[in-house]
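Colleague: I'd like to learn how to read charged side-chain pairs in a model. Could you walk me through some?

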Amino acid sequence: MDKLGIVVPCYNEEEVLKIASEALRGVLDDLIGKGKIARDSFILFVNDGSRDRTWELIEEEHAAYPARVLGVKLAGNVGHQFALTAGLITAKDMCDVTVSIDADLQDDVAVIEEMIDKFHGGCDVVYGVRKERKTDTFFKRTTAQAFYKIMHLMGVKTVYNHADFRLMSKRAVEEFSKYRETNLFLRGMMPLLGYQTDSVYYDRKERVAGESKYPLKKMLALAFNGISSFSVKPISLIMGMGLFIVAASFLALIYALISFCTGHVVPGWTSLILSIWFLGGLQLLAIGMVGLYIGKIYIEVKQRPRYNIEKVLTAEEKQENV
């Protein structure tokens, strides 16, 4: 019987943690009762440097359900992608298959059973995919669609309407652990594994409590990080724009010479100033884009740890310092 580990990254989730724990324990009990997973399957909460009582609540849940609820405490806030990575890599030596899900319960826990069925059918990665975005605002829906289209144009493989709700087999997580880059974008990395995949579809719900930990600023940062971490096409586009402007400048030179020879020169500075501003802005944009990629290289070559684990709550009801 395969042992399941449900990995839940948490940042300031004191309002929903006990609700999430109860719901996920119910899922495990149901799957165990149906004989689809091992009896020692578990939930692994990952505390991403929360400033509220999230870790204390994880400890309380572990004390009440020592074999069912485990925990990882990161030494500081490292962000959702790193926290999820820490949970997956910690869980890979403790179980046969993992499911990652956010603590807000917006993803439908009922489809975890369908994920397990597809895993038993031979899939190593099963994506949780939203059926539609009718509940989103017009702005969020439009920007999300634009993001996936831009990623596709940049050559980045992603699954449309999929976030980080997914099942991964042990060998898929082991293969993922070999990817050591610091600039993580998990949605783009999973298709690189190459194993058999499938998807399950569900309707996304409202948060049961609390506020979203992914405001617009963080969503835009994640989107830009995904594009710049998987494609160099932005630099190619800037180079193409530069070549176009050079060609246009030659045409403008020919036009200026003809105007000078025919005596139709109109004095003025507006066109000159506008062209200077345009070219200056383009140069700053190009320098900034190249600098961004150089900065990413600078961060990667340092090979600093992506996260530090302070404590692990294990099934043996003890805390380990790591």
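**Reading the salt bridges**

Modeller: Start with Asp164 and Arg166, whose side chains form a salt bridge at 2.8 Å, N to O. The term means a side-chain nitrogen of Lys or Arg within 4 Å of a carboxyl oxygen of Asp or Glu. This is a predicted model, where local features need pLDDT of at least 70 and side-chain atom pairs count only at pLDDT 80 or more, while totals for chains, interfaces and linings use all residues. Residues are numbered from 1 along each chain as its sequence is written, and side-chain values use heavy atoms, leaving out hydrogens and water.

Colleague: Are Asp164 and Arg166 buried or exposed?

Modeller: Both are buried (under 20% relative accessible area; exposed is over 50%, partly exposed in between, with a 1.4 Å probe and protein chains only).

Colleague: How many salt bridges does the structure hold?

Modeller: The general idea is that side chains of opposite charge can pair when their charged atoms come close. Here there are 17 salt bridges. One of them joins Asp117 to Lys36 at 3.1 Å, N to O. Asp117 sits in helix H4 (residues 112-120) and Lys36 in the loop between H1 and strand E2 (42-47), 81 residues apart. Helices (H or I, at least four residues) and strands (E, at least two) are DSSP runs, numbered from the N terminus.

Colleague: Why does Lys36 count as buried?

Modeller: Because its relative accessible area is 19%. Asp117, at 36%, is partly exposed.

Colleague: Which residues are linked in a network of salt bridges?

Modeller: Lys18, Arg25, Arg53, Glu60 and Glu61.
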